[in-house]
Number of protein chains: 2
Amino acid sequence: MSGFSDLGPLFDPRSVVLVGASERAASVGGRTLANIVDHSDFRGTLHLVNATRPEVRGLPCHRRVADLPSAPELAVIAVPAAGVMEALRECASIGVKVCVILTSGFGETGEEGRAAEAEMKALAQSTGMRLYGPNCPGVTNINKRLGFTFSPAFKDDLRPGPIGLATQGGGLGRNLMQAMERGAGFALWCSTGNEVDLQVADFIHYMAGAPDVRVIGTILEGIKDGPRFLAAARAAAEAGKPIVALKVGRSEYGMRAAASHTASLTGSAEVNSAAFRQMGIIEVDDVDELVDVASLLARGRPGRGARIAVFGSSGGACALAADMVGQAGIVLAEFAPETTAVLAEKLPSFAALGNPVDTTTVTLTNPAVIEETLAAVANDPAVSLVMLPMPLDYGPVSLTVAERMAAAQRLSPVPLVPVWMSERTGAAYRHFAEAGMVPIRSLRNAARAFRRFIDRGAWEAGTMPRGLGAGLPDGPTRTLSEAEGKAVLRAAGLAVPEGEIARSAAEAAEIASRLGLPVAVKIASADILHKSDIGGVALGLRTAEEAGAAFEAVARAARAHHPEARIDGVLVERMAPSGGQEVLLSVSRDPVLGQVMTCGLGGIHVELLRDLSRRLLPVDAAEAARMLRDLRGFPLLQGLRGAAPCDLEALCAAMAAISALVEARPGEFEEIEINPLRVGAAGEGAWALDAVVTLRG
Amino acid sequence: MSGFSDLGPLFDPRSVVLVGASERAASVGGRTLANIVDHSDFRGTLHLVNATRPEVRGLPCHRRVADLPSAPELAVIAVPAAGVMEALRECASIGVKVCVILTSGFGETGEEGRAAEAEMKALAQSTGMRLYGPNCPGVTNINKRLGFTFSPAFKDDLRPGPIGLATQGGGLGRNLMQAMERGAGFALWCSTGNEVDLQVADFIHYMAGAPDVRVIGTILEGIKDGPRFLAAARAAAEAGKPIVALKVGRSEYGMRAAASHTASLTGSAEVNSAAFRQMGIIEVDDVDELVDVASLLARGRPGRGARIAVFGSSGGACALAADMVGQAGIVLAEFAPETTAVLAEKLPSFAALGNPVDTTTVTLTNPAVIEETLAAVANDPAVSLVMLPMPLDYGPVSLTVAERMAAAQRLSPVPLVPVWMSERTGAAYRHFAEAGMVPIRSLRNAARAFRRFIDRGAWEAGTMPRGLGAGLPDGPTRTLSEAEGKAVLRAAGLAVPEGEIARSAAEAAEIASRLGLPVAVKIASADILHKSDIGGVALGLRTAEEAGAAFEAVARAARAHHPEARIDGVLVERMAPSGGQEVLLSVSRDPVLGQVMTCGLGGIHVELLRDLSRRLLPVDAAEAARMLRDLRGFPLLQGLRGAAPCDLEALCAAMAAISALVEARPGEFEEIEINPLRVGAAGEGAWALDAVVTLRG
């Protein structure tokens, strides 16, 4: 079920059968036939199947798939829903490799449709024939100019390029294709429909290996199979191909709407974003941003310093551009003296020669200056990218400027990125688009895209995470008592205060004396989770007598609040060293992406500020350190304003130990929550003061 | 110098003189003449002045302004820089009301130019003649079709409408004008140039009273005169006209670039944003957002519930739209049963009848359905605005959809807002633009604009702040000792721990006994600001002896660290009740906008999280309560997770008292910082535990 290497027959088949070829131009079968015959460069063998007609548009037809002389690689199914299953069975029997099912009216319509899909899925599994769809628009391979699709827009969106698209949702996918209008070029596109067999993940995996794809764009409403998606993401990362992803469902409304639109399981948006970051997947906020970022990454990667230059002829637009750049946390390059010398020689005395370069309107009257000065800026050793704010369309004047800028682009490998801020998009705009410079439509969008571009460069400079994600199905679970849970943690190498279970006040006093005072006393019951809230915890007991008395008190409180609870006794523990920072550390299970570590500082940081950092497992000590640095409250761990720095080494070791524990016993843990983990000053260690461990099964 | 009511002669003059009228089409004087004669509907008297020619383009010329038979209301100065001053003097002498100085080459070029501007300013002040410019593009009054401007683009951007524009920077201003392309209509535009006399503020003030302006848009690089700007903002607010403002300079880069571009004084971006919020000025992030929000506000205001509906034919786009809406914190309307009944009757069974309404593509094949269902949604009593996600341009199909949607708009007063997500902008897009529906160009932009629209509605429902802002020039200052400062606060009604200055250990012990123990002891010197850092503070002293010993210790520490400091003695204070929350409260001076109150929770909230709330003075108790609610940490003051709620009443009273103190003694205070103000549990009060008061002069 790896399902990726074998999609060649889907995107570039040597032979195809269109099942349901039709004379009727408006029908699915008719439109698909027109796309293949009239608008594609298909040079392989085309078979047509029509149940009643011997020929369609002058081409001979077979009555059924079983009548074909040989098995085509690809079957395109355009018959009504009632006939689909039979056609698929015949395709499987003659040895078709992949079927595209354009027909709709299945899972999206109700129970009966879902049953039919289950049948399709079983067929794919038993025969190895791959299915794409149903309810999908088909295949668009722009670089080869192949359209096995019913879309009448196929012929309109044919600008080839290095970006491959796999989307859930045809409308948003076609929206991306229409970005060809501003010069974005696409290699291929598929919109996955009901995903009865092939999923977005499979198309991404295919594109990771497709030589004509350099950047992958995807729109996701829900990830059906987390591990399969992560494997595809890994393949893309290893091939050095960025994935730019728009994931619907970051708000409650979005989650609900996406679930009802594609019936997808949606996990937590936070976990999803964390997993994306780990895999170097660039998460974007909107469709236009997807195109901005994908086009930019298709043009290059930032150099070492990731500095940018701003170059324009409007002082106001340059100032606003610099402001956006600053707000996005991007650094402006400082030019080398040679660059400044060129600018000083070519530009008037009242131009701004720093960065931003404000050429003033001299470039409108003497456009030759643009090419020389802009090329000098682009080729400055500190510059990774040049932002060209264009606030206005001044018709032919702007066109000349655009032409000179495009000429400068030919003199430098660094991307020159026009930011076309005007609503008027005339010849200059089109010139940028035709030159493949893919103008971005606002300064704010540009600054955001540049930030993503720079962040991707930084991610590529790091180390690739090891195999992430292990989806676990729902199942019965069992929560350990605190003492049991802590024993598991201790065995895994975590520092846990010494403690024993007492069954009587006298025993509590004896244990307290033996462990060493002061001690803490806590009711021991797997049935009581919020022990403090009911008076089930007493801290800082200084004498054996106090420990004995506390035994009675917590036992009484437990009986009063939880008369039904199974009580193991009372846990008597040595108090951990006081001071330091309290941290919440947990591993939980995301229904889609697998096991996730979450950490945050205790108290208001988690509860009020939701300042949490997340990663899919595994997390080693180095990744743990990165997790901590993601926290806004991280300076508190470093020791803010003269406070002692915390024992970060011990904290990272504890995080790695928890990760290793869960990995070593796959499928065993539902959840581990350590709250608090007290992290002392450097050298004092990190102590699990309370722990809830929930096992599966 | 109020300078607003008298701009009628600028925007709609009965008589005009063009000084520097020229035959040369490319010259400033030639282009301006062409705009007036060929492209304007000017019906008043036009005089021309040319030093050497008796006529220009067949129209008679005077040799100089002084030769005119009568004083025109407006003079447009298009002569070279060297001749400007003389022309202005002649204008003043014959009684011209306003001069537009198109000529550049003044303050922006150096010292000499600045001297010339000072002369212009003096002329304006001594004669009352108003000056607009120099270095400005002139006047564009679109609603009256009057262009006293040299811009060759005047004739291209003439869609009238209710939005008035005053910008610093011509490029960005013209960029806004080109948004006419998507249907935005503008009343008038001026770009203020070097602001030798008239400033952005004056144009805003004029528009507050101009009947054809309903919304004011502005782009600011720096506010020259804070109180004048605030007065203009107040006039607009009182007239119910929203100001939508883009302020350059929110990052270090932006501040620097804006300062070098317009030589403006830039205050703190945070203070600026706070002042904008107080005045109901809607601050936007980019030029496209300015147009989005201004156009929306020109169409209406949200109803009471400020709920929105999403209506589209692409399930994916509807889901993404709902997601954006959710992320922006906007609430989707729940439809009345009548609305749902119309949808159920008209739409197919597989459409989504909730909100978002996903009509499915039935509307592409049966567009009549759109008008009925969309009007029903728009007229639902819960709906304030309808978002129409349009992911694609499908040519004539989309045009029909747009036509039906525009027809639905005619059936409802609620704004229907198309979100044109595609890069392809064909006939459908143009239809929306022509219908005045001003399509927004991305879902993300739309959600953000809707949020601003809703927030403005909420602001209008509140009470208008009293007169804000009192700019104070720089000047010498003097910092009081803690005891002196606290005496000032006590007199203003704040709770301050009782305390006295001791000059000896014995006196400290005596004061401690008399005030009541425990006490705090602090070195008393206006020259030592960070007393704790040098050991100048001892807290929680339980006996008179301890107080005496502490006297010696803090005095020793002060001498050791600050041998030069003037020491008044040692302040012995009763300890305030412990517990509660510590708050930082200050009033400081913004160089542009005047006195600003800042508050935040103590510790990490201010230092690490920069969680601060700001307001221009005055702040009364109700505004103080709103300030506190702006803090992310506000729940801590309310009592998080069972903690006792703080004495918010006392805190707000203290804030109001500080504001009243500063207002009652105008110009006296440079800065007051209370850190910490300890806020106890309800009824326990708010105590100023430390205070630094800096006076002016």
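How much area is buried between chain B and chain A, and what share of that area do carbon and sulfur atoms give?

1. The model is predicted: local features need pLDDT of at least 70 and side-chain atom pairs count only at pLDDT 80 or more, while totals for chains, interfaces and linings use all residues. Residues are numbered from 1 along each chain as its sequence is written, chains are lettered from A in the order in which they are written, and side-chain values use heavy atoms, without hydrogens and water.

2. About 5,700 Å² is buried between chain B and chain A, and carbon and sulfur atoms give 56% of this. Buried area here is the accessible area (1.4 Å probe) that two parts lose on being put together, summed over both. In chain B, the residues that lose the most area to chain A are Tyr253(B), Glu423(B) and Arg444(B), together 14% of what that side buries.

3. In terms of contact (heavy atoms within 4.5 Å), 69 residues of chain B meet 70 residues of chain A.

4. Between chain B and chain A there are 12 salt bridges, each a side-chain nitrogen of Lys or Arg within 4 Å of a carboxyl oxygen of Asp or Glu. Arg424(A) forms a salt bridge with Asp157(B), with the closest N and O atoms 2.6 Å apart.

5. Between chain B and chain A, 34 residue pairs are in polar contact, both residues at pLDDT 80 or more. A polar contact is a pair of N or O atoms within 3.5 Å; within protein, one must be able to donate a hydrogen and the other to accept it, and residues adjacent in sequence count only if both atoms are side-chain atoms.

6. Elements that give two or more residues to the side of chain B touching chain A include helix H8 (252–262), helix H11 (315–327) and helix H17 (443–461) of chain B. H11(B) gives the most, with 11 residues. Helices (H or I, at least four residues) and strands (E, at least two) are DSSP runs, numbered from the N terminus.

7. Ser191(A) lies in strand S11 (residues 186–191) of chain A. Ser191(A) counts as buried because its relative accessibility is 2%; buried means under 20% relative accessible area, exposed over 50%, and partly exposed in between (1.4 Å probe, protein chains only). The side chain of Ser191(A) reaches the backbone oxygen of Gly169(A) at 3.4 Å. Among the residues that Ser191(A) touches are Tyr132(A), Cys136(A) and Pro137(A), not counting residues up to four places away in sequence.
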